[in-house]
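Here are my notes for a first look at this one, written as numbered points. Keep the model open while you read and check each place as you go.

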Amino acid sequence: MKKYWLMKSEPSNYSIHDLQKEKKSLWDGVRNYQARNFMMKDMKVGDMVLFYHSLANPPGIAGLAEVSGEARPDPTATNPKSKYYDPKATKKNPRWHCVEVIFKKVFKNFISIEMLRAEQKLKSMLVLKKGQRLSIMPVQKTEFDHIIKLSNRTIKHSDIS
């Protein structure tokens with residue numbers, strides 16, 4: 001059964017446009033056990049991903065990706081030259097895992113966090129909950145479908161003021 005996810009990245013580190021150029025990428029460098037466990041235990045090939053730009057002005061959903069490869073050891077964890085290097089990770093016990101994602105599309109309309117908050121149908125989204133800082137979080141199908149509709153609609157001035 002297909003699942004839906006929101007995955008955050010700082011656009012100064014890796015943006016939807018970077019993924020667009022590369023076509024596919026490992027979602028590496030995640031150093032939170034709960035987010036890692038989502039990748040290891042729950043994410044499957046074919047799952048859809050809302051690509052969220054965090055620490056942007058404003059933050060929000062920039063596009064769409066798809067999980068194209070199941071979890072595997074994160075190569076950045078055992079690479080001493082990587083900023084995501086973990087000296088406790090080894091080839092035998094990698095500790096950290098990542099999935100592969102492929103680019104699907106850049107949204108016609110960037111969906112800011114303020115726009116998400118303004119949508120009654122999205123009130124229960126984890127990304128909108130106080131204190132929710134995970135870089136990977138599940139999304140309900142109804143929320144995903146509503147966001148896809150938002151990404152395609154014509155934005156009126158009253159929608160953003």
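1. Start with Glu 66, which has its place in strand E4; strands here are DSSP runs of E with at least two residues, helices are runs of H or I with at least four, and both are numbered from the N terminus. Glu 66 counts as buried because its relative accessibility is 18%. For that wording, buried means under 20% relative accessible area, exposed means over 50%, and partly exposed is in between, with a 1.4 Å probe and protein chains only. Leaving out residues up to four places away in sequence, Glu 66 touches Gly 46, Asp 47, Met 48, Glu 100, Val 101, Ile 102 and Lys 104, where contact means heavy atoms within 4.5 Å.

2. A word on what you are looking at. This is a predicted model, in which local features need pLDDT of at least 70 and side-chain atom pairs count only at pLDDT 80 or more, while totals for chains, interfaces and linings use all residues. Residues are numbered from 1 along each chain as its sequence is written, and side-chain values use heavy atoms, with hydrogens and water left out.

3. Val 99 is buried, at a relative accessible area of 0%. Its contacts, not counting residues up to four places away in sequence, are Met 7, Ser 25, Leu 26, Trp 27, Met 39, Met 43, Val 67, Gly 69, Glu 70 and Ala 71. Thr 78 is 21 residues from Val 99 along the chain, and their C-alpha atoms are separated by 16 Å.

4. Ile 111 also lies in strand E5. With 0% relative accessibility, Ile 111 counts as buried. Beyond residues up to four places away in sequence, Ile 111 touches Pro 59, Gly 60, Ile 61, Leu 116, Ile 147, Leu 150 and Ser 151. Between Ile 111 and Glu 22, 89 residues apart along the chain, the C-alpha atoms are separated by 23 Å.

5. Now helix H4, residues 141–152. Which residues of H4 are buried? They are Glu 143, Phe 144, His 146, Ile 147, Leu 150 and Ser 151. They sit on the same side of H4 because they cover an arc of only 165 degrees around the axis, the arc being that of the directions from the helix axis to the C-beta atoms. An α-helix has 3.6 residues a turn, so residues three or four places apart point the same way. Thr 142 and Lys 149, on the other side of H4, are exposed. The cover over the buried residues of H4 includes E1, E3, E4, E5, H3 and E6.

6. Helix H2, residues 33–42, has Ala 35, Arg 36, Phe 38 and Met 39 buried. These fall within an arc of 150 degrees seen down the axis, so they line one face of the helix. Among the elements covering the buried residues of H2 are E1, E4, E5 and E6.

7. Check the backbone in the loops. Pro 58 is in the loop between E3 and E4, and the peptide bond from Asn 57 to Pro 58 is cis, with omega near 0 degrees. Leu 55 is found in the loop between E3 and E4 and has a positive phi of about 50 degrees although it is not a glycine. Leu 55 counts as exposed, at 71% relative accessibility. Arg 95, in the loop between E4 and E5, is not a glycine either, yet has a positive phi of about 65 degrees. Arg 95 counts as partly exposed, at 23% relative accessibility.

8. Finally, Arg 133 is in the loop between H3 and E6. Arg 133 is exposed, with a relative accessible area of 75%. The C-alpha atoms of Arg 133 and Lys 8 are separated by 9.5 Å, though the two are 125 residues apart along the chain.
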